[in-house]
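Have a look at the structure first.

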Amino acid sequence: MDLRFTPEEIAFRNDVRGFFRAALPPEIRRKMVEGRHLGKQDIVRWQRILNDKGWAVPHWPVEWGGTGWSSTQQYVFQEEMQQAPAPQPLPFGVNMVGPVIIAFGSEAQKHHYLPRIRGIEDWWCQGFSEPGSGSDLASLKTSAKRVGDHYIVNGQKTWTTLAQHADMIFCLVRTDPAVKKQEGISFLLIDMKSPGVTVRPIVTMDGSAEVNEVFFDEVKVPVANLVGEENKGWDYAKYLLGHERTGIARVGVSKERIRRLKELAALEPAGGGARMIDDMRFREKITAVEIELKALEMTQLRVVSAERHGRSKKPDPASSILKIKGSEIQQAISELLMDVVGPYALPYQPDLDGSNEPPIGPDYAGPLAPTYFNWRKISIYGGSNEIQRNIISKAILGL
Amino acid sequence: MDFDLTEEQRLLQESVGKLIADEYDFEKRKAYAKEPAGYSAERWTHYAELGLLGLPFSERLGGSGGTPVETMIVMEAFGRGLVLEPYLATVILAGGLLRLAGSPAQQQQLIPEIAAGKLRLAFAYAERQSRYDLTDIAMTARAAGGSYVLSGQKGVVLHGDSADRLIVSARTAGGQRDAEGVSLFLVDPGAEGVSIQGYPTVDGLRAAEIGFRDVKLGPDALIGTKDQALPAISRAIDGAIAAVAAEAVGAMTAMHELTVEYLKTRKQFGVAIGSFQALQHRAVDMLVALEQARSMAYLATMMAESEDNAERRRMISAAKVQVGRSARFVGQQAIQLHGGIGMTAEYKAGHYFKRVSMIDTLFGDADHHLAIVARGGGLIDPI
């Protein structure tokens with residue numbers, strides 16, 4: 001057992017950190033620090049900077065643009081990116097559909113889509129959830145009927161993140177309604193410009209519109225857009241959801257947010273001439289989260305260390321808690337970030353970018369309450385924390 | 001960066017695991033507790049034969065030069081067995097002080113005896129008013145010629161009633177709460193003026209309240225440098241925190257296994273109660289708390305002998321917070337999920353619960369260490 005990183009790993013960390021410092025456009029960094037919304041152009045711009053450097057998809061196989069880094073290097077890269085803080089690459093391409101196409105896609109699909117994912121020439125979104133199929137995803141109803149060399153798709157997807165910018169959507173669709181629900185699902189790639197696709201925004205309680213409903217009305221999809229075999233889509237979906245196990249803890253994001261929290265606590269008046277950072281009760285609240293985060297970081301390092309010996313088939317109890325604990329910690333931090341500004345959490349100030357209006361209260365206060373409300377999503381998306389508990393209970397505890 | 005055990009460490013883990021499985025089942029433990037010292041003399045000798053009592057000491061002193069990782073392995077297994085013997089008091093605490101502060105002559109004289117199982121020690125440092133503050137020492141050691149005269153009271157001295165020798169902290173200079181002026185002394189518990197009131201602790205181990213009334217000590221009783229003992233005490237306590245963190249993880253692991261097994265076998269309403277989602281989720285939350293504690297016990301182990309005092313202190317404190325909080329949660333839920341049977345003295349779960357609860361009170365509880373980390377500015381520094 002040794003917590004120290006090797007000199008090579010430390011040099012690697014310095015390289016990565018140096019690159020992020022130099023290459024991350026200051027205006028994007030500022031939006032990240034202040035917790036403001038990123039536009040499509042911000043995310044595309046950053047992804048292309050990474051792609052030019054050859055770091056767009058470090059975890060992919062080298063032949064498709066991966067870097068061949070060790071699990072430790074991947075971890076360091078991700079942590080440094082989160083702490084920069086740089087935008088996370090759009091996950092729907094690089095972490096979701098990309099790995100599925102690499103594992104199960106046709107040669108033609110690989111050659112066409114993978115390079116375009118690396119530089120976000122296609123903006124991907126994810127068509128899994130439906131109005132009647134949330135946690136019980138396999139009950140999904142959107143249908144795809146084969147007619148000649150096309151599928152005809154009808155139905156509705158929902159909670160589709162950033163579909164308003166999307167060129168492509170990967171969908172779970174029902175191709176066989178007669179069999180057990182998991183066995184009649186296929187994985188289909190659909191062009192968002194196809195006739196019959198309609199996107200309607202859903203405004204969430206924080207006032208943002210990052211999720212959407214997507215409707216499919218007699219949409220024609222070439223059979224060539226089927227991934228792998230018909231009716232095997234559920235297996236591919238499980239592969240996708242299990243693919244990225246350590247990134248979901250978002251330890252680097254939480255570290256960066258705690259630094260921000262401490263900075264703001266040092267600025268914010270606490271009454272009686274003191275600052276919030278002088279309030280021992282508030283400090284202990286921050287510290288309690290820091291300790292949980294340190295424990296999670298160590299748990300994540302245990303998973304990274306185990307992965308150096310190849311990924312085991314048995315689920316690692318340490319990896320299974322990353323999602324639950326990681327989301328709880330992020331939400332706890334978002335709560336403290338709202339609390340730290342006290343009454344100046346109140347003014348509702350939708351994005352001030354491009355506006356000449358002066359901010360109400362301190363200029364950092366505006367996004368804090370909306371982010372608190374927005375981040376409730378973290379324990380819901382990607383399989384709610386209750387579903388995660390079901391999975392652990394079954395797969396690890398054998399209950 | 002890795003969490004792998006070496007081949008030798010894996011062998012140690014296997015052999016200590018087997019030792020506990022073979023020699024420390026619940027019935028045997030009950031019998032050991034009835035012996036005069038409150039633990040098994042035979043097991044103590046056996047630990048010596050297996051080399052466990054010399055584990056952290058250098059080979060030149062009859063030990064095997066183990067790192068904190070070896071100590072962690074042993075303590076985790078001891079946690080699983082709810083071991084009663086004074087390993088923490090003798091090997092970790094007093095042994096730690098001798099390693100850190102003892103003169104070569106004292107080390108040469110005492111450590112081989114510890115390793116051989118012939119010398120049991122206890123560390124008397126806490127006082128009624130000090131709670132968890134290591135600097136708050138009212139006990140005095142007055143210099144008289146080249147000798148010292150010890151006066152004062154020490155409380156909750158772990159295994160203080162069965163120790164062959166005591167290591168006692170006392171003030172040789174300065175005011176009651178000064179960091180400077182603290183010294184350590186080796187004291188014969190049979191010396192005139194020493195009064196020992198031994199008692200069982202809630203977790204089935206033993207401790208003592210010890211009074212010192214004008215106890216005369218020779219010049220060679222002083223351990224380490226006069227007035228400068230506090231850094232060694234602090235480091236020895238940090239090592240002990242890492243050790244009890246591992247012990248708590250062992251106990252929590254066993255408690256969690258016991259609970260999951262019970263959920264699978266106990267039937268109500270015609271089905272195993274583990275089929276109920278409310279109980280499944282509780283068992284998962286116990287696992288989360290346990291794994292978070294395990295991660296911090298690893299961190300404490302790897303920091304236990306760090307020369308960077310500030311960094312070591314805050315990481316050890318952070319680990320103690322996590323272990324204390326996890327232990328409370330895992331213990332309470334283990335009893336709750338067992339229902340009535342969990343309440344009984346006959347059943348093992350309650351004994352694990354009591355031990356991990358008492359571990360939280362040792363060397364500073366979760367609140368105490370949370371305040372330390374918070375006052376120090378937390379854990380995450382600016383980049």
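Let's start with Phe185(B), which touches Ala141(B), Tyr148(B), Leu150(B), Val168(B), Ala170(B), Leu217(B), Ala221(B), Leu222(B) and Ile223(B), leaving aside residues up to four places away in sequence. Contact here has C-beta atoms, placed from the backbone, within 7 Å.

This is a predicted model, in which local features need pLDDT of at least 70, side-chain atom pairs count only at pLDDT 80 or more, and totals for chains, interfaces and linings use all residues. Residues are numbered from 1 along each chain as its sequence is written, while chains are lettered from A and ligands numbered from 1 in the order in which they are written. Chain B has a mean pLDDT (the predictor's confidence in each residue, from 0 to 100) of 97, and the model scores ipTM 0.96 and pTM 0.96.

Now for the two chains together. Their contact takes 35 residues from chain B and 36 residues from chain A. On the chain B side, α7, α8 (277-303), α9 (309-338) and α12 (366-375) each give two or more residues, and α8(B) gives the most, with 13 residues. Helices here are DSSP runs (H or I, at least four residues), numbered from the N terminus.

| Class, side of chain B that touches chain A | Count |
|---|---|
| Nonpolar | 24 residues |
| Polar | seven residues |

Conventions:
Contact = placed C-beta atoms within 7 Å. Nonpolar A, V, L, I, M, F, W, Y, C, P; charged D, E, K, R; others polar.
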